[in-house]
Amino acid sequence: MLDYITSYLKSNTTPGQAGNQFWAFVYIILIFLGLSVAVIAMNWLERKILAHMQVRLGPMRVGPHGLLQPIADAIKLLIKEDIMPAEADKVVFWTAPVMVVITAFTVFIVVPFGPTHAVTDMNIGVLFMLGVSSLGVLAIVMAGWASNSHYPLIGALRSSAQMVSYEIAMGLAVVAAILMTSLHGIGLYGVGSGTGTGTLSMIEIVKAQQEQHAWFIFKFFPLGLIAFFIFAVAMVAETNRAPFDLPEAESELTAGFHTEYSGFRWSLFFLAEYSAMIAVSAIAVTLWLGGWLRPFPNWLTGETWDLVFSLFPGVTFLLLAVIAFVGTMRMPKHPYFRVQTLGLGGFGAVLGLIGLVLLMPPVRDRIQDIYWFSFKVAAFMYLYIWYRGTFPRYRFDQLMKVGWKVLLPMGIGVLILTAVVGVLL
Amino acid sequence: MTPIATPFFFYLLSGLALLGGILVITRKNAVHSALALILTLLALAGLYLMLYAPFVAGVQIILYAGGIMVLFLFVIMLVSIERSQKEEQFNKQWIVGFIAAGVLGVLFVLVYVKGRALLPAPTAQIPNESQNTQNVGVLLYREYMFAFEIASLLLLVAIIGAVVMAKKRI
């Protein structure tokens, strides 16, 4: 038994490829927990950042700086009455939230957090992610129809039209990036070995970027950049986020497809929306931003730079700890705030401890990939919030126009040009 | 890597596909039928995966379950469900139906029995799953390039035809 567990650690592949069910299970649990924590953190960050962008304070009451607000919200949602409309289609109404969560979480089994840090690596990796996340549309349509009410139905129709339209532009951008994996021997830097066939597997795509010494966003400049831009716009539309949040436009449709949902079922939709955002960001990071690779792997080489970059994870957590301690200092000295002050200090101490653990050499070598991958995904998450704080919502005809008349022709053009340039260079 | 619990998954997926197929024709509500069809399509994708054809499975999910069925649902939702629920679901031509089904069944059995010798012998060799997509691509774009391009041209004509017919003024 112990041999079975330890044998994987030497195999240097993902658990799925090694056929090791124990470690696959461990990875699934870790990813599930990590995602849940990320969604909770994202909930707090989104409210805080949006508030600061609008010169408000945001949640301040529950815990220091509202740190416990998401937990309070979660408890509120779980003990709320779960309403099923009398005229609703019971079976479909019940299935929709389950399906949306299943699709949102299933895609993460191929997300590569590192060369060996994925549940499994599939031959059809990207295709699998796009396919399973496109099933999320079905769940939204089911939810809107089963509610048997006007606003949800309109929201569902809008969302299906929008997602089907933007999936095409998104697919073309992805194909352009996959095409680049096949051009091993050629390209900007003329390194690597050319095999002529590309790959769809997530891990192999990142390895191709490593071999070609270029993230695909910089490859065939500006073709890679344009493909990335198309994907970055389409992925916001795919996840129904501002400025493309017409399916749940509050001012027109109250809450869109999930108007009739409440309590636990609503929270499932919330969870799925945020994990879908993380999933598409993970695709973008893998395809264009070099996945788990650290910045400047070719310019800043050598042992010193390796050491400097491997210190990043620990230093990040230590910085967060310092921020928490500064917050503790600045807490009002009134006895009413004593518990909060102690809590924030304790939180800072925990963060500092994590930072110190991450600074240990054996840990920091193994954690680096995961840190850089999460860091890039986190940058996308911040972009999502930034968009929401900045852009006004599109009108529906404008949305369709952008999808079909701007992004789609651009996608086709980039695809053709990438192929031509790849053959010529 | 050895396959895990293969017979179990085969019977599970085939059972789901059959169940979905039966639900498609017996449900009165068109939306329920469409959802049952999606269940069938997903089960078929699972069967493709078991046949070591991940690319076909992925395309099955993206195109059928994710694309075509969404458009199906889109149209069905705009149709009044109340009227279709009052309509007669089956026209009662049991005798003709049974005869047709019986003849078809006998035909299938005959083809299986007589044509057994023509089928290639089952091989124990497992195809190389990790190169599946690459092999499909090479075959499509090298050996069968002409047929593939003709098919894509046909589709293009169909798309243009649909646009011409749907638009009054171009």
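Predicted model: local features only at pLDDT ≥ 70, side-chain atom pairs only at ≥ 80, totals over all residues.

Biologist: Charges to begin with, then: how many salt bridges does the structure hold over all chains?

Modeller: The count over all chains is seven salt bridges. One of them joins the side chains of Glu46(A) and Arg388(A), with an N to O distance of 2.7 Å, and this pair links distant parts of the chain, since Glu46(A) sits in helix α3 (residues 21–53) of chain A and Arg388(A) in helix α15 (residues 361–390) of chain A, 342 residues apart.

Biologist: And Glu46(A), buried or exposed?

Modeller: Glu46(A) is buried, because its relative accessible area is 3%, under the 20% limit for that class.

Biologist: What does Asp82(A) form a salt bridge with?

Modeller: The partner of Asp82(A) is Arg265(A), and their closest N and O atoms are 3.2 Å apart. This pair also links distant parts of the chain, with Asp82(A) in the loop between α4 (69–79) and α5 (90–106) of chain A and Arg265(A) in helix α11 (residues 263–288) of chain A, 183 residues apart. Asp82(A) counts as partly exposed at 34% relative accessibility, whereas Arg265(A) counts as buried at 14%.

Biologist: How far apart are N and O in the bridge of Asp397(A) and Arg395(A)?

Modeller: That salt bridge between the side chains of Asp397(A) and Arg395(A) has an N to O distance of 2.9 Å, and Asp397(A) is partly exposed, with 44% relative accessibility.

Biologist: Which residues gather in the patch of positive charge on the surface?

Modeller: The patch brings together Lys401(A) and Lys405(A) with Lys167(B) and Arg169(B). Lys401(A) belongs to helix α16 (residues 396–424) of chain A and is exposed, because its relative accessible area of 52% is over the 50% limit.

Biologist: Switching to rings, how many aromatic pairs are there over all chains?

Modeller: There are 27 aromatic pairs over all chains. Among them, Phe22(A) and Trp23(A) are edge-to-face, with 5.8 Å centre to centre and 85° between the planes; Phe22(A) is partly exposed at 32% relative accessibility, while Trp23(A) is buried at 17%.

Biologist: What about Trp215(A) and Phe218(A), how do they pair?

Modeller: Trp215(A) and Phe218(A) are stacked, at 6.4 Å centre to centre with 20° between the planes. Trp215(A) is buried at 17% relative accessibility, and Phe218(A) is partly exposed at 48%.

Biologist: Which residues form one aromatic cluster?

Modeller: Trp305(A), Phe309(A), Phe312(A), Tyr371(A), Trp372(A) and Phe375(A) make up that cluster.

Biologist: Last topic, the backbone: what is phi at Asn148(A)?

Modeller: Phi of Asn148(A) is positive, about 55°, although the residue is not a glycine. Most residues other than glycine have a negative phi. Asn148(A) lies in the loop between α6 (125–146) and α7 (150–182) of chain A and is partly exposed at 47% relative accessibility.

Biologist: And where is Asn240(A) placed?

Modeller: Asn240(A) is in the loop between α9 (223–238) and α10 (250–253) of chain A, and its phi is also positive, near 60°. With a relative accessible area of 4%, Asn240(A) is buried.

Conventions. Residues numbered from 1 in each chain as written. Chains lettered and ligands numbered in written order. Heavy atoms only, no water. Helix = DSSP H or I, 4+ residues; strand = E, 2+ residues; numbered from the N terminus. Buried < 20%, exposed > 50% of the residue type's maximum accessible area, 1.4 Å probe, protein only. Patch = residues over 30% accessible without salt bridge, like charges linked within 9 Å, V, L, I, M, F, W, Y side chains within 5 Å. Areas by Shrake-Rupley, 256 points an atom, 1.4 Å probe, with all protein chains shown as cover. Salt bridge = Lys/Arg side-chain N within 4 Å of Asp/Glu carboxyl O. Lys, Arg positive; Asp, Glu negative; His and termini not counted. Charge placed at Lys NZ, Arg CZ, Asp CG, Glu CD. Phe/Tyr/Trp six-rings, centres within 6.5 Å; stacked < 30°, edge-to-face > 60°.
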